[in-house]
Amino acid sequence: MNKKIITNKQLFSLAAGGSIGGSVLVSAPLMAGIAKQDAWIGALIALIYGACYIFMLTCLSSQFPNMNFVEIIQTLLGKWLGSAFCVYYIFLCILLSAHIPWYVGDFLTTMVMPETPQYFVNAIYIIALAIGVSYGLEAFARASEIFLKAGSFLFILAMVLVLPNAHIGNLQPILENGILPPLKSSVVLSSFSTFTLIILLMIYPSNINEPKKASKEFVKGYIWGGFISFTSIFLSILVLGWNITSKSRYAAYILANEIEIGVIFARIEFIVFASWILTQFVVNVLYFYAGISSLAHLLKLKQSGKVILPLSLFLLALAEIIFPGNIYQENWIVFGWVPFIITLGLVLPLCLFIVYWIKRLVSGKQV
Amino acid sequence: MKNTLFFLFVTATTLIICVTVIPNLLKKRLYPEFWVSIVALGLSLLISFSKVFDFSVPNPSDLILWIYSPLKGLIQGLLKQG
């Protein structure tokens, strides 16, 4: 698993895909619910401190050029505490790999095919997921380059086509309640698009071709992804207004419903879904791959490819029970997901950083 | 009917995996892989049984909610201000 196979361009597309996929369709309603018409300012703030956060991640992991994240945790926190955090990390990976199929299935069965049972959609998606993971990291990283280009193109096309419907009045009054609500909403966006990139530490920098230039590409990829999610939130508010945005489950899709140029150019809202599912697939394969490779590291599996098939079946079963309903899911996002990802994505790397510096000060040399 | 199909799909896939993949693992003495596969297959069978016979299995999302339930008031103040 420790081959140097990812080029910098592929790291760029993995980071951008990871950052777009988590956020673009899901986070806008939550943000608009908190910050109302100022949610787009929250997206800008999240972009700025997200870039600093990614820079912090690259600083941490570049101290350990040949280790992945699980090995870093175990080196710094010791065997028992480290293993406990690893188990929690694997739990995150497996849980999230089951959540994303749920979102895809929920979207399709709500918006397009209401009579199809959700597990049919999930099964097709998870079969693709299992094939993607079993082809290995290299094949997948190459595919993500195409996915990112296609996804970005389709998304920007949709956003340009919807521009004629924008009403600038929807943005006013700017900063009605001060800077605090946008700040709060930026936490929601970063828990979908920024902190989830902790997953890339499984392949950065241990699997990167040229680790020295890679950190710049990582940050660039994140900024591109953040720009796309900023655009989706900005245009949702500009076109739909914050009230409709906060009440619709998949705001960017509703937004693309508004595209109507002439008579021929209507009903093309599915291009937003296409761009979403392509990038969502990138995140999902990353999470599943990270889950399997950290499981392999923790339990000392020799051939981790052998467990992909049983675990995929487990994901299918898990996706069936993981959210009993939409209201449960909305509640879970706020009270479960945000603190969960902040613990593993923000608090854990900060603790690792502090432990690293203390160890370095005490021993007076590299750990 | 809906859940029966799901149950049949999961059971059939489990059987196929048990026949094709599992014996190979034992033959090559890959015991950690064997146990991971057995646990994953067993849990998926359990979940599909619960769908048909209508009993509830613990949901991992509830575990997360329970772990962070002490922070609920804090998050309520932070994010649900609307």
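Visitor: Where does Gln37(A) lie?

Guide: Gln37(A) lies in the loop between helix 2 (27-35) and helix 3 (39-61) of chain A. Helices here are DSSP runs of H or I with at least four residues, numbered from the N terminus. This is a predicted model, in which local features need pLDDT of at least 70 and side-chain atom pairs count only at pLDDT 80 or more, while totals for chains, interfaces and linings use all residues. Residues are numbered from 1 along each chain as its sequence is written, chains are lettered from A and ligands numbered from 1 in the order in which they are written, and side-chain values use heavy atoms, with hydrogens and water left out.

Visitor: Is Gln37(A) buried or exposed?

Guide: Buried means under 20% relative accessible area, exposed over 50%, and partly exposed in between (1.4 Å probe, protein chains only). Gln37(A) counts as buried, at 5% relative accessibility.

Visitor: Which residues is Gln37(A) in contact with, leaving aside its neighbours within four places in sequence?

Guide: Contact means heavy atoms within 4.5 Å. The partners of Gln37(A), with those neighbours left aside, include Asn170(A), Gln172(A), Glu176(A) and Trp242(A).

Visitor: Is Ile146(A) buried or exposed?

Guide: Ile146(A) is exposed, its relative accessible area being 58%. Ile146(A) belongs to helix 7 of chain A.

Visitor: At what angle do helix 7 and helix 12 of chain A pack?

Guide: Axes are lines fitted to C-alpha atoms, for helices over the stretch in contact, and angles run from 0 to 180 degrees between N-to-C directions. Helix 7 (residues 137-162) and helix 12 (residues 270-299) of chain A pack at about 155°, with their axes 8 Å apart. Helix 7 of chain A is therefore roughly antiparallel to helix 12 of chain A; angles over 145 degrees count as roughly antiparallel, under 35 as roughly parallel, 65 to 115 as roughly perpendicular and the rest as oblique. By class, their contact has 17 nonpolar, three polar and no charged residues. Ala, Val, Leu, Ile, Met, Phe, Trp, Tyr, Cys and Pro count as nonpolar, Asp, Glu, Lys and Arg as charged, and the others, Gly among them, as polar.

Visitor: How do helix 13 of chain A and helix 3 of chain B lie to each other?

Guide: The axes of helix 13 (residues 308-321) of chain A and helix 3 (residues 31-53) of chain B come within 8 Å and cross at roughly 30°. These two helices are therefore roughly parallel to each other. The residues of their contact divide into 11 nonpolar, two polar and two charged.
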